[in-house]
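Below is a briefing on one protein chain, grouped by topic. Please look over the sequence and the model before reading the points.

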Amino acid sequence: MRIIFTNGCFDILHKGHVELLAYCHSLAYKQTHGGQGKVVVGLNSDASVKRLKGDNRPINSEQDRRFLLESLRYVDDVQIFDESTPYELIKRINPYIIVKGGDYTPDNVVGNDIAKVKIFNYVDGYSTTNIVNKL
């Protein structure tokens, strides 16, 4: 089975997140590869988000963030991880492709030694940090 993996905090779900997940879904279910795939999202735990983003984050709990992601038709599975990076999770699920947002290059994506890496361009104007700052 073709597993496509992405990860992040997904603290305040927005259009940019959904478009990234739709892209992952398109890679997982390409008819040229039999149309059988799976999108797995590695979700930073609350403690992990706090370490990465500061004491005022996350806005939404890991269980709420998981619920929202699992509710999307583009996502097949959500795995919460507590480590600073999802490397151990990536080793365990052994994805075919890892997808990350446009602020990464393939050589600085965690797990690039395990799977192919594809970079999804940012959707201009969408950022959780910008949304939080507006509030």
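**Helix H3 and its buried side**

In helix H3 (residues 62-71), the residues Glu62, Arg65 and Leu69 are buried. They lie on the same side of H3, because they cover an arc of only 65° around the axis. The arc is that of the directions from the helix axis to the C-beta atoms. An α-helix has 3.6 residues a turn, so residues three or four places apart point the same way. Buried means under 20% relative accessible area, exposed means over 50%, and partly exposed lies in between (1.4 Å probe, protein chains only). Helices (H or I, at least four residues) and strands (E, at least two) are DSSP runs, numbered from the N terminus.

This is a predicted model: local features need pLDDT of at least 70, side-chain atom pairs count only at pLDDT 80 or more, and totals for chains, interfaces and linings use all residues. Residues are numbered from 1 along each chain as its sequence is written, and side-chain values use heavy atoms, with hydrogens and water left out.

**What packs against H3**

- The buried residues of H3 pack against helix H1 (15-28), strand E2 (37-44), helix H2 (46-53) and strand E3 (77-81).
- Ser45 is in the loop between E2 and H2, and Ser45 is buried, at a relative accessible area of 5%.
- Apart from neighbours within four places in sequence, Ser45 is in contact (heavy atoms within 4.5 Å) with Glu62, Arg65, Ile80, Phe81 and Asp82.
- Leu13 belongs to the loop between strand E1 (2-8) and H1. Leu13 is partly exposed, with a relative accessible area of 28%.
- Leu13 and Leu69 are 56 residues apart along the chain, and their C-alpha atoms are separated by 8.4 Å.
- With neighbours within four places in sequence left aside, Leu13 is in contact with Val18, Leu68, Leu69 and Leu72.

**The chain as a whole**

- The chain has five helices and five strands. Along the sequence, they follow the pattern β-α-β-α-α-β-α-β-β-α.
- Of the 135 residues in the chain, 42% are buried.
- Among contacts between residues at least 6 apart in sequence, 62% join residues at least 24 apart.
- The accessible surface of the chain is about 7,500 Å², and 48% of this belongs to carbon and sulfur atoms. Accessible areas come from the Shrake-Rupley method with a 1.4 Å probe; for residues, only the protein chains shown count as cover.

**Strands**

- E1 and E2 run parallel and are joined by seven bridges. Two strands pair if DSSP finds at least two bridges between them.
- The bridge partner of Ile3 in E2 is Lys38.
- E2 also pairs with E3 in the parallel sense, over five bridges. Here Val40 stands opposite Asp77 in E3.
- Seven of the eight residues of E2 are buried, so E2 is largely enclosed by the rest of the structure.

**Nonpolar cores**

- In soluble globular proteins, nonpolar side chains tend to be buried together.
- A nonpolar core is a set of buried Ala, Val, Leu, Ile, Met, Phe, Trp, Tyr and Cys residues joined through side-chain atoms within 4.5 Å.
- The largest nonpolar core has 18 residues, and those with the most contacts inside it are Ile4, Phe10, Leu21, Val41, Leu69 and Val99.
- The elements that give two or more residues to this core are H1, E2 and strand E4 (97-101). H1 provides the largest share, five residues.
- Not counting residues up to four places away in sequence, Ile4 touches Cys24, Leu27, Ala28, Lys38, Val39, Val40, Ile97 and Val99.
- A second, separate core of 11 residues includes Phe5, Ile98, Val109 and Ala115.

**Cysteines**

- A disulfide is a covalent bond between the sulfur atoms of two cysteines.
- Counting a disulfide as a pair of cysteine sulfur atoms within 2.5 Å, the total comes to zero disulfides.
- Cys9 is buried, with a relative accessible area of 11%, and Cys24 is buried, at 0%.

**Backbone details**

- Arg57 and Pro58 are joined by a cis peptide bond, with omega about 5°. Pro58 is in the loop between H2 and H3.
- Phe10, in the loop between E1 and H1, has phi near 45°, a positive value in a residue other than glycine. Phe10 counts as buried, at 5% relative accessibility.
- Asn94 lies in the loop between helix H4 (87-93) and E4. Phi of Asn94 is near 50°, again a positive value in a residue other than glycine.
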